[in-house]
Amino acid sequence: MDQLRDQLEDQLAALVQEAAPPLERQWWHSSTVYQIYPRSFCDLNGDGIGDIPGIISKLDYIASLGIDVIWLSPIFKSPMDDNGYDISDYRDIASEFGTLADFDLLVAEARRRGIGILLDLVVNHTSDEHPWFQNSRASLDNPFRDFYVWRKPGPDGGPPNDLQSTFGGPAWTLDETTGEYYLHLFSRRQPDLNWENPKVRAEVHDMMNWWLERGISGFRMDVIDYIGKQVDQGVVTDGAHLHEYLQAMNRETFGGRNVLTVGEAWSATPASALLYSGRERQELSMVFQFEHVTRQWDETYGKWQPKTFDLVELKSVLSKWQNALADDGWNSLFWGNHDLPRAVSKYGDATGYPVESAKMLATVLHLLKGTPFIYQGEEIGMTNMPFSAIEQYRDIETLNMYQLHVDAGRSPEDFIMGANANGRDNARTPMQWNSAAYGGFSTVEPWIGVNPNYASINADVAMSDERSVWNHYRQLIALRKSHPVIVYGKYQSWLDDNPDVFVYTRKLDRDLLVVIGSFSAREVSLDLPEELRVSGSCLISNEQPIEALSETIVLKPYEAFAILHRMP
């Protein structure tokens, strides 16, 4: 069924490409974005929690990579039930991160280095400590009552319906003050805003403009596909008014500004992605879609059960999205983020070939068409954390799911194995700066454990080695800025059924870029079609440079390279 769906979507994409006029070029097409999880990036004041002054102290490091934009996970005032994705004041900074003055200095210092700041916009829900919600729950006739989603109990006195929270359990909590239930599609301390209320939309627009006027370069929009929810119909994502709300947001806030907007949309398909970012709609710059992530999840236990990696499946998804958005919309390119496992542990070989596989993953991702996103530590090859007990975890989703799985009869050991493979805390361990205590992240014990491999995997070691993962990323970022074929070249996949190797080309005018990456820990003999037997300049390689391709080539474990051929 998946194969048939992919074929139909590829055919549709091909028809769209034939009719599409040239894509309008944007500054962020050739940019690379670096995501920072502030709590875990750099602790400058010695309290075990990362902060904005710590980020400022590392701006030269980020600039030396060639980064154009920094995406900050939420820094707003918050009780931190979900590490900042539960906001209690949209116009203030969490005290553990710093002050508004610190933030303004960050924006100025980043701009001085040619770097923009992207804020994480969390407007599907707030914290239960937000004044809006405090007022909303005070009484049935409070002016803020309709800022949130309230419903009377069901006929049996229980929840209004059977909607479930993403973090586990019912999505409804009874509030004793008024005797009604409020909706929370995540934690019970993250009540959902009622986007059907025009006053909510106006408040959000006003807040967004307030930040834009402070000089930021745009927004990453958290679970933006949820804001059109229609709970009485059981609709959580892609509700009937979703795109109406986003079009209004575009008109009232960022539409007239030259900024970057990226929507997180786990429900996105190639067709719906064009509703967000197609030239006819122009709601957002692009969306984060997660099909390449979810296709790797277990059918029963989801991400909490490791699944055998399937490269053919991964290639089919990446190619589908490359083709669907080839001439309209725009792709976001990423292996990891604050919600996902470390790339080299998930898709590469963190124990046998950590450096080679990390470079390979970077090569095949960054040379696709789209804007690359690097998650902090990815550029030095940071790996998943070997947690051994549930007490070591801090993530609310993991803790809730552990209890649900164990209560259902699953062994704690099995769950922890799954969490160690795919849990969110893998990405949230402190950035490894050097071989000092706590990896140089802090002078005191951090809020979450440091990966014990920090002595060998850290920024200081990486920056001093010409063959490091860090320098490989730096080279890829520079190539994107200097070679239009990487930015705008037409994508074509090759050898789609090969279970070991990802092969594709990019073509623009007379330039043909051939990209080959092995996902295997053994040597692979590869027979190339005649069209790929080219010679030219080796733009990048994680082994000895190759400048000519013959009928048969032999790839070393996790070998990857790109050859630029100039056609007659």
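Hi everyone, let's start with Arg39, which lies in the loop between β1 (33-36) and α2 (52-57). Those labels come from DSSP runs, numbered from the N terminus: helices are H or I runs of at least four residues, and strands are E runs of at least two. A quick word on the background: this is a predicted model, where local features need pLDDT of at least 70, side-chain atom pairs count only at pLDDT 80 or more, and totals for chains, interfaces and linings use all residues. Residues are numbered from 1 along each chain as its sequence is written, and side-chain values use heavy atoms, with hydrogens and water left out.

Back to our residue. Is Arg39 buried or exposed? Arg39 counts as buried, because its relative accessibility is 8%. Buried means under 20% relative accessible area, exposed means over 50%, and partly exposed is in between, using a 1.4 Å probe and protein chains only. Which residues is Arg39 in contact with, leaving aside its neighbours within four places in sequence? They are Ile49, Gly50, Met80, Asn83, Glu96, Phe97, Phe441 and Trp447. Contact here means heavy atoms within 4.5 Å.

Now for salt bridges. Side chains of opposite charge can pair when their charged atoms come close. The rule used here asks for a side-chain nitrogen of Lys or Arg within 4 Å of a carboxyl oxygen of Asp or Glu. By this rule the count is 33 salt bridges.

Let me show you three of them. Arg91 pairs with Asp206 in a salt bridge, with the closest N and O atoms 2.6 Å apart. This pair links distant parts of the chain, since Arg91 is in strand β4 (residues 89-93) and Asp206 in helix α6 (residues 198-212), 115 residues apart. Arg91 counts as partly exposed at 28% relative accessibility, and Asp206 is also partly exposed, at 42%.

Next, Arg220 and Asp120 meet in a salt bridge at 2.8 Å, N to O. Here strand β9 (residues 218-221) holds Arg220 and strand β5 (residues 116-121) holds Asp120, so distant parts of the chain are linked, 100 residues apart. Arg220 is buried, with a relative accessible area of 1%, and Asp120 is buried at 0% relative accessibility.

Through shared partners, salt bridges join Asp82, Lys303, Asp339, Asp395, Glu397, Arg424 and Arg428 into one network.

Finally, let's look at a pair of helices. The axes of helix α8 (residues 270-277) and helix α10 (residues 311-324) come within 10 Å and cross at roughly 40 degrees. Axes are lines fitted to C-alpha atoms, for helices over the stretch in contact, and angles run from 0 to 180 degrees between N-to-C directions. So α8 and α10 are oblique to each other: angles under 35 degrees count as roughly parallel, over 145 as roughly antiparallel, 65 to 115 as roughly perpendicular, and the rest as oblique.

Where do they touch? Pro270, Ala273 and Leu274 in α8 meet Lys320, Trp321 and Ala324 in α10. By class, the residues of this contact are five nonpolar, no polar and one charged. For those classes, Ala, Val, Leu, Ile, Met, Phe, Trp, Tyr, Cys and Pro count as nonpolar, Asp, Glu, Lys and Arg as charged, and the others, Gly among them, as polar.
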